[in-house]
Amino acid sequence: MDVDQRVGLSDADAAARLAASGPNLLPRPPRVHPLHLLGAQLVHFFAVMLWVAAGLALLAGMPALSVAIAVVVLLNGGFSFAQEYRADRAAERLADLMPARARVRRDGRTRVVDAAELVVDDVVVLEAGDRVGADVRLLGGSRISLNEAMLTGESAPVVAAEGDPAHAGTYVVEGAATAVVTAIGVSTRLAGIATATQNAVRPRSPLARELHRVVRVVAVVAVAVGVAFFAVSLLLGKGGSESFLFAVGVTVALVPEGLLPTVTLSLARAAQRMAGRHALVRRLESVETLGSTTYICTDKTGTLTLGVMSVVEVWTPDGTVTVTGAEYAPTGVITGVAAARVALHRAATSATRCAPHAHAATSATRCAPHAHAVERGGTWLPVGDPMEVALHVLGERAAVVPSPLPLAQHPFDPRRRRSSVVDAEGVHVIGAPDSVLPVCRTSHPDADAAVDALTRRGLRVLAVAHRAATPPDESPHTSNAAVERDLQLLGVIALEDPPRPDVADAIASCRLAGIRIAMVTGDHPATALSIAREVGLVGGEALVVAGDELPSDDGALGELLDRDEVVVARVTPEDKLRIARALQARGHVVAMTGDGVNDGPALRTADIGIAMGASGTDVAREAADMVLLDDHFGTIVAAVELGRSTFANIRRFLTYHLTDNVAELTPFVVWALSGGSVPLAITVLQVLALDIGTDLLPALALGAEQPSRYTMVGRRRQRSLIDRSVAARAFGVLGPAEAAGSMAAFIAVLLLGGWHVGVAPSATLLATASGTAFTAIVLGQLANAFACRSESRWVGRTGLRGNRLLLLAVAVELLTLLVFLVLPPLPELLRGQLPTPVGWGLALLTPPLVLAADTAAKAARRRDVRPQ
């Protein structure tokens, strides 16, 4: 429908369209009630297994055990809920990009309405500072400059003229225009991003998959053992009800109640340590996923580089001048052949930023620069785009007089890749050399050579041109195509964004760890390649490919990029999404950086989405798994190291828990194999006291082990939490040693008390012997904790001071042991009494037995693996 832009829609027509199409609102993701989120933390597979164990314990007449297990599940679920509550809000953040109000023309009058009331064919009025409320098309005679950074990631404004589209969520930098609405609500481009972000499937973390496998195995083993003991009990002449209750107790005893809170708290501890290194982890499982990373796709600006632009060289047809000085300090004087050119260059920069009539800090400012530097505490800080600030500072250093106020401006346009301004002195143009040089009236082979040389050095290059005066028959408001012609080249400006000083070491660490890295950037291929070489990301056989050259087939794309020394330049956010999926399809665990709204789907799809905390958008941060508070690549590498260390720590305390389970199960096995002739050494409640009473703190302390010097050497070898190495140590070495020590102490106390095999001991003697066995297991676990600090080094080499938390945990464990044995009514409830002096002596033999077995096993192992 053709709409008269002077009149617009009628109120009646607008109301009818609003009723038919609905409000102009972005799609909102379904709001999940907090109680539902909390419930999800209480009904996952491991939690369900514990709930079943609690129910069985209650059924077996052990209410204290049932309550204790339930408390463990509730506390862990509440903690996990608190950590995850704010994790998935990216799609909601997109709604914040829509304005609350909009100016429309209806019935010939301009009025302000709620942006939600905009309808297709509404005529809207846009002015500088307005955010566009719907997808629109500019009407006749209109021309504005738009900031589309939230959609494209490009900070430079884009010129939109008559007939051009403007999208919801962008905002007007300069100019005024009328436009007609072409799409609202769910039909806008911004809504498409919201839907893509919401629908992007976040891959399940490796840790979640491994824990599910471990819990499934434990559940099957526990049930199988319980059924076996039910059958044994029946064969020994026990009644059906008694046998069932006994089997339930054994099954519950085999469930590692302490594993779930240990894993959760260990991840939380690692997340806290990462935050101390400027990496904010938004999902606990992401801590370990970082350690599984095999491919990192990193941006360049601000991540590999400092994000600090400064002019380092000015080339003119008459000569070259090197520029020195602090990045943003507008001090010092530039003299020589560049000085005059810099004055004209200063005027050209006003093409995208209004020219300053006076310094921004003075009250006489009529048109202050959007980009400038300010001094705070002796340090000059940029205000605005870093490149624009660098150009402004260059003019200050050249002692340039303020430029005349512009008569017309043609802001930077990525299609033209240049900008221009018309003032009383003429036409001034600045932009990419391959865009500016062709509109100059004479060719400049020396300039081409200079540009090529500067680009190869990794410098960002801009060309500056000038036409002295506007012809009398040419209006200042003539189109840019007519203005930007017959120019005289003034010179070339080279800007540097230096690499971060320690990024080369971080990249070398990734190489040593077997992690592949690709630079994925929107910059020019030559500039990107130069920086990549400077930081050591690529060497002699680099793959450099532009976004528009990427294969359309995802399989071919993955095959192309699945190598080292890769630079992908001129990429779009859509390219990032394809790259993440293609590499995942080849088995990689992909970490992807991003900062724009359009990066949301890629950040959610990657195994680890990494958003920039200093320069990124809220949407990117909400979609990501980790936020870099300093935008530094080295922070990613530090987080990967902590992630690997966390995985190793989980294996440590898993070995610790499994060793305890062997010692806990052995008394039941001995009872069954002896046909009941040997009484049970420990009770089911003692098993629970070991799992979540004495063992929890040492396990948590093992989860706080610092990364070793071998953590980032080679690809992470273990893909499973429980592999042959863990099983062999827990079930073949540490567990049997601890079980042997505790059972020997138990039987020795019984024999010294006059017991004979096949005869039921007195209640007092059995309680004393049981307390001795319980003590032996606890003391054996103390030795086991130190043994689990390393898979290959014996305790004497790891020392006692490397983990202060473990020393504290051991002290608390000893105190807890005394509480269980002395403080009423716990001894009666657990059916274990304080050992006699002889019993203490026997129990104290278990720790050296465990350490001796551990040392012998480690000495016998082939040194074909790295120390852990």
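Buried here means under 20% relative accessible area, exposed means over 50%, and partly exposed covers what lies in between (1.4 Å probe, protein chains only). The model is predicted, so local features need pLDDT of at least 70 and side-chain atom pairs count only at pLDDT 80 or more, while totals for chains, interfaces and linings use all residues. Residues are numbered from 1 along each chain as its sequence is written, and side-chain values use heavy atoms, with hydrogens and water left out.

On to the aromatics. Rings of Phe, Tyr and Trp (its six-membered ring) pair if their centres lie within 6.5 Å; planes under 30 degrees apart are stacked, over 60 edge-to-face, and the rest tilted. A search of the whole structure turns up two such pairs. In one, Phe229 and Phe668 sit with ring centres 6.4 Å apart and planes at 80 degrees, so this pair is edge-to-face. Phe229 belongs to helix 8 (residues 206-235) and Phe668 to helix 23 (residues 633-673), 439 residues apart; helices are DSSP runs (H or I, at least four residues), as are strands (E, at least two), numbered from the N terminus. Both Phe229 and Phe668 are buried. Phe774 and Phe820 also pair edge-to-face, at 6.2 Å centre to centre and 75 degrees between the planes. Phe820 has a relative accessible area of 13%, so Phe820 is buried, and Phe774 counts as buried at 2%.

Next, the nonpolar cores, each a set of buried Ala, Val, Leu, Ile, Met, Phe, Trp, Tyr and Cys residues joined through side-chain atoms within 4.5 Å. The largest has 89 residues, and Leu537 and Phe633 have the most contacts inside it. Helix 23 gives the most to this core, with twelve residues. A second, separate core holds 34 residues, among them Ala681, Val687, Val749 and Val778.

As for charge pairs, a salt bridge is a side-chain nitrogen of Lys or Arg within 4 Å of a carboxyl oxygen of Asp or Glu. Asp114 meets Arg101 at 2.3 Å, N to O; Asp114 lies in strand 2 (residues 109-114) and Arg101 in strand 1 (residues 101-106), so the bridge ties together parts 13 residues apart in sequence. Asp114 is partly exposed at 32%, and Arg101 is partly exposed at 48%. Strand 1 also carries Arg106, whose side chain meets Asp122 in a salt bridge (2.6 Å, N to O). Here Arg106 is buried at 7%, and Asp122 is buried at 0%.
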